[in-house]
Amino acid sequence: MLVKTMLFMAILCIALCPAPSSAGRKPDPVDCDVHSGPCSASFNNIQVTLDIQPKPVKAMTDLTFTAHFAGEKFVAHPYIDLGMPGMNMGRNRVFLKPAGESLYQGRGVIVRCPSGRRTWKATVTVPGVGSVEFVFHVLY
Amino acid sequence: MSSTETIYLVLFSTGFAVGFGHCIGMCGPIVASLSLSLKGRGVIIPHLLYNTGRITTYGLLGGAMGATGSFTSVTAGIASLQKGVMIFAGILIVLMGLAMAGWIPLGSIFGDYYKPGGLLSRTFGRLSETRSTLTYYPLGMLLGLLPCGPVYTALIAAARAGMEAQSTFKGSLVGVGLMLSFGLGTIPSLLVVAKLANLGWLKRRDTLYKISSLLMIGVGIYFVVKAIRY
């Protein structure tokens, strides 16, 4: 009976404890101040510069993602996956279309997480070549 | 398999994956509270009704997204309603906690049923039980409006599919279908939580009911505070 009771209490604690809010967890390392300007990062001899408009970057609003690629050339169209570090939010993919020389653009939305966490990541992928992550804060 | 069928499968599997990874953390407290308020009675039918109500709302939202092709305009329109639902969910959990401990008489809605003797009384008892169980459907519909990151992500997919559809009607249908696929995928995880939080397999439950009631009241207050800050 004691074992059953303890097991039940453990289950209850897990089920009744809501997901941790932003106040109770260690902050994720942010490598991009997306509110002040574009951010750059490299992978496989390609430098990617990502910009998100309008600024400041707010969740639940229509956003334009612009990626500029420098370095090795590629054929496939790149895309951006939006997600939260350490939390599965489902696939939120922004498909990028050519918008100039080595420039790609797409529209998307960063959703709001009720837990209060504001750290998001944009993973820019060039199919068949590789990907790079930008971690940043958004405004709610 | 066509690309349309593929996206239904993608959303179903997304729902399944986020169900076990995300929904348990965010919606687990509500589902556990509903299970506990059943006081050891069967949880499957009430929770299936709750989940059916929840995915009905997802379907309706998906239809609106598919018809308009705009995620942000629809979510902006329901933002204040969602905040209200969040506050309602918190208050509901507190009330269920108080009722479960016997501190307020809410038994006719979520707690114990009236079980008198005699054929006529038993029939009324059954009717009361059916009515009480059926309340889980509208409750699920209402709580389906709770703000949730993965639901938003699925709704973006519904809006995108609506933009690509040939007509508003077709966009709406695709939106409904996609959100129903996503919602169906989330059901297994929440049923697991519902079953595990049920007290039916324990013999001595009184003290645990009291402890669970206090936990539920705490969680309910947390929900209300979170809703006010949302």
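Strands are DSSP runs of E, at least two residues long, numbered from the N terminus. Loops are named here by the strands on either side, as with A:Asn44, which is found in the loop between β1 and β2 of chain A. The model is predicted.

Chain A has one helix and nine strands. Along the sequence, the pattern is α-β-β-β-β-β-β-β-β-β. Of the 140 residues in chain A, 31% are buried. Contacts in chain A between residues at least 6 apart in sequence were also examined; 59% of them join residues at least 24 apart.

The strands of chain A were then traced into sheets. Strands of a sheet pair through backbone hydrogen bonds, either parallel or antiparallel. One open sheet of chain A has five strands, in the order β1-β2-β3-β7-β6, with antiparallel pairing. The edges are β1 (39–43) and β6 (97–100) of chain A; each has a single partner strand, so one side of each is left without a neighbour in the sheet. On average, neighbouring strands of this sheet are turned by 30 degrees against each other, direction ignored.

In chain A, β2 (residues 46–53) pairs with β3 (residues 63–71) in the antiparallel sense over eight bridges. Here A:Thr49 stands opposite A:His68 in β3(A). On to the next pair: β3(A) and β7 (residues 103–108) of chain A pair in the antiparallel sense over six bridges. A:Thr66 has A:Gln105 in β7(A) as its bridge partner. A:Gln105 of β7(A) also stands opposite A:Lys97. β6(A) and β7(A) run antiparallel and are joined by three bridges. These two strands form a hairpin, with two residues between β6(A) and β7(A). In the turn, A:Ser102 has a positive phi of about 60 degrees.

Another open sheet of chain A contains four strands. Their order is β5-β4-β8-β9, and the pairing is antiparallel. β5 (87–95) and β9 (130–137) of chain A stand at the edges with a single partner strand each, so one side of each is left without a neighbour in the sheet. Neighbouring strands of this sheet are turned by 20 degrees against each other on average, direction ignored. Within the sheet, β4 (residues 79–84) and β8 (residues 119–126) of chain A pair in the antiparallel sense over five bridges. A:Leu82 has A:Ala122 in β8(A) as its bridge partner.

The loops of chain A hold several backbone features. Most residues other than glycine have a negative phi, and most peptide bonds are trans. The loop between β2 and β3 of chain A includes A:Pro54. A cis peptide bond joins A:Gln53 to A:Pro54, with omega about -5 degrees. A:Pro56 also lies in the loop between β2 and β3 of chain A. The peptide bond from A:Lys55 to A:Pro56 is cis, and omega is near -5 degrees. A:Met60 is placed in the loop between β2 and β3 of chain A as well. A:Met60 is not a glycine, yet has a positive phi of about 60 degrees. A:Met60 has 18 C-beta neighbours inside 10 Å and so counts as partly exposed. In the loop between β1 and β2 of chain A, A:Asn44 has a positive phi of about 45 degrees although it is not a glycine. A:Asn44 counts as exposed because it has 12 C-beta neighbours inside 10 Å.

In chain B, helix packing was examined. Two packed helices are described by the angle between their axes and the distance between the axes. Helices α4 (residues 71–100) and α9 (residues 206–229) of chain B pack at an angle of about 165 degrees, with their axes 7 Å apart. Angles over 145 degrees count as roughly antiparallel, so α4(B) and α9(B) are roughly antiparallel to each other. α4(B) passes α9(B) in a left-handed crossing. By class, the contact of α4(B) with α9(B) has 17 nonpolar, five polar and two charged residues. Residues of α4(B) in this contact include B:Ile87, B:Gly90 and B:Val94. Among those of α9(B) are B:Ser213, B:Met216 and B:Gly220.

α4(B) also packs with α2 (residues 28–37) of chain B, at an angle of about 30 degrees and with the axes 10 Å apart. The angle makes α2(B) roughly parallel to α4(B). The crossing of α2(B) and α4(B) is left-handed. α2(B) contributes B:Pro29, B:Ile30, B:Ser33, B:Leu36 and B:Ser37 to the contact. α4(B) contributes B:Ala89, B:Ile93, B:Met96, B:Ala99 and B:Met100. By class, the contact of α2(B) with α4(B) has eight nonpolar, two polar and no charged residues.

Notes
Residues are numbered from 1 along each chain as its sequence is written. Chains are lettered from A and ligands numbered from 1 in the order in which they are written. This is a predicted model: local features need pLDDT of at least 70, side-chain atom pairs count only at pLDDT 80 or more; totals for chains, interfaces and linings use all residues. Two strands pair if DSSP finds at least two bridges between them. Axes are lines fitted to C-alpha atoms, for helices over the stretch in contact, and angles run from 0 to 180 degrees between N-to-C directions. A residue is buried if 20 or more other C-beta atoms lie within 10 Å of its own, exposed if 12 or fewer, and partly exposed in between; C-beta atoms are placed from the backbone. Two residues are in contact if their C-beta atoms, placed from the backbone, lie within 7 Å. Angles under 35 degrees count as roughly parallel, over 145 as roughly antiparallel, 65 to 115 as roughly perpendicular and the rest as oblique. A crossing is left-handed if the near helix is turned anticlockwise from the far one by less than a right angle, and right-handed if clockwise. Ala, Val, Leu, Ile, Met, Phe, Trp, Tyr, Cys and Pro count as nonpolar, Asp, Glu, Lys and Arg as charged, and the others, Gly among them, as polar.
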